Amino acid sequence: MTNHTRTVTGMAELYYLPPVDKWQILDALGAAAEEFDLNHRTLSVLRALITFLPGREITAELNSCIVFPSNRTLSERLHGMPESTLRRHLAKLVELGIVSRHDSANRKRFARRGTEAAYGFDLSPLAVHAAHIATTAQNVQINTQECQKLRDDIACLRRDLMEQGLPCDHELLQSSQRLLRRKLSKSQLVELHSLLTKHIKTSTHPASGTVKMSTNDSQNERHKQTESNTTFDSEENIAIDFHHRTPTHGETDTVNSTIPSQDTSLGDVLDICSEYKNYFPDQPRSWGELHRLIGRLAPMIGIEAPVYWQAERSMGRKVAASAVLCILERLPLIHNPGGYLRQLCKRADRGLFSLTPMISALRRAKELSADNLQNDGAPIV
């Protein structure tokens, strides 16, 4: 059996081939299923046939491992698979050379009592072609790992291009993102990787900066924020609106005494961050529910999946999810949420990131909002 002809090409010196474990060879065949044009239904029929073989070893000697269940018995073991479907999958196994038929005169399957004569499906070809199956499975595993690495590298190249100033709606970034959603061959991934690498080497996109003024009716908040496509605020700058406020007469600055630690509880995070309710009204009841929510929310606010995965690796899952909620709270003031989170990841990789200033700033913002409403004579809600 080869993954080119899909059929048996010849018989080896059968007596010299070692026996194989029936479950190990089935696992290897499953790993290389696509290479041998097998689907999961055909593999399930093969698994059912193997269950009728006593013991675990399959030997390579011709007709040494014959199983003889009737179609009705096989159908029952396959949870009621229609016999017409069963016959089709059995024919496929025979065509591929994975099993062979050893028919009786009337094509019935049975074993003759008191003799070694048996008629049915011979599983010995699995042992005959075990080495080829195992090698193919190993090659598939290596190829899968190489493709995954290429995908990761391509995601990093896209990030680097955006950090160089290439607009997110550029055709190269858009088309590469669409391609990554598909199942690409290794050669296609190599081609895409080369294209992005070449673009990075020849890229001349300058970083352009703009100055924005953020104001509101409160005399306590007025600041200037500089944004660019390549340089983003650190987590301390999220709180810049509030770090420079001078306490009013008779007021003590007690915020620092209530700053949550890096291990902020879920309840504290959700109490401070509430903008997510504009997207998903139901409050998460566990960190697991929050992670699933963030997985859907992040792309909606401009944070691509690879960027968030990197944040989880750099910060930990809980801190990464909390950071995204904090970014959402100040979304109007953040020019590029994805780039912003990438910058925080770099700080986390250097051991310089803390969630505390972000949570502290948002907590103080709520206190300021409440103070302003009270001073204006409006009710505090």
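1. A residue is called exposed when its relative accessible area is over 50%, and buried when that area is under 20%. These words are used below for a predicted model.

2. Overall make-up. The protein chain holds 16 helices and eight strands. Of its 381 residues, 42% are buried. The accessible surface of the chain is about 21500 Å², and carbon and sulfur atoms account for 50% of that area.

3. Helix α1, exposed and buried residues. Gln-24 and Asp-27 are exposed. They lie on the other side of α1 from a buried set made up of Lys-22, Ile-25, Leu-26, Ala-28 and Leu-29, in a helix that covers residues 22–31. Viewed down the axis of α1, the buried residues keep within an arc of 160°, and therefore line one face of the helix. As background, an α-helix has 3.6 residues a turn, so residues three or four places apart point the same way.

4. Helix α4. This helix runs over residues 83–96, 14 residues in total. From its first C-alpha to its last it reaches 20 Å, close to the 20 Å expected at 1.5 Å a residue. Its buried residues are Thr-85, Leu-86, His-89, Leu-90, Lys-92, Leu-93 and Leu-96. Seen along the axis of α4, these fall within an arc of 155°, so they too line one face of their helix. Gly-97 follows α4 and has a positive phi, near 85°.

5. Asn-336. This residue sits in the loop between α14 (317–329) and α15 (337–349). Is Asn-336 buried or exposed? Its relative accessibility is 12%, and because the cut-off for buried is under 20%, Asn-336 counts as buried. The side chain of Asn-336 also reaches the backbone nitrogen of Gly-338, at 3.2 Å.

6. Points to check on the model. For α1, compare the buried face with the side that carries Gln-24 and Asp-27. For α4, look at the buried face and then at Gly-97, which comes after the helix. For the loop between α14 and α15, find the side chain of Asn-336 and the backbone nitrogen of Gly-338.

Methods. Residues numbered from 1 in each chain as written. Predicted model: local features only at pLDDT ≥ 70, side-chain atom pairs only at ≥ 80, totals over all residues. Heavy atoms only, no water. Helix = DSSP H or I, 4+ residues; strand = E, 2+ residues; numbered from the N terminus. Buried < 20%, exposed > 50% of the residue type's maximum accessible area, 1.4 Å probe, protein only. Polar contact = N/O pair within 3.5 Å; in protein donor to acceptor, adjacent residues only side chain to side chain. Expected span 1.5 Å × (residues − 1). Arc of directions from axis to C-beta. Areas by Shrake-Rupley, 256 points an atom, 1.4 Å probe, with all protein chains shown as cover.
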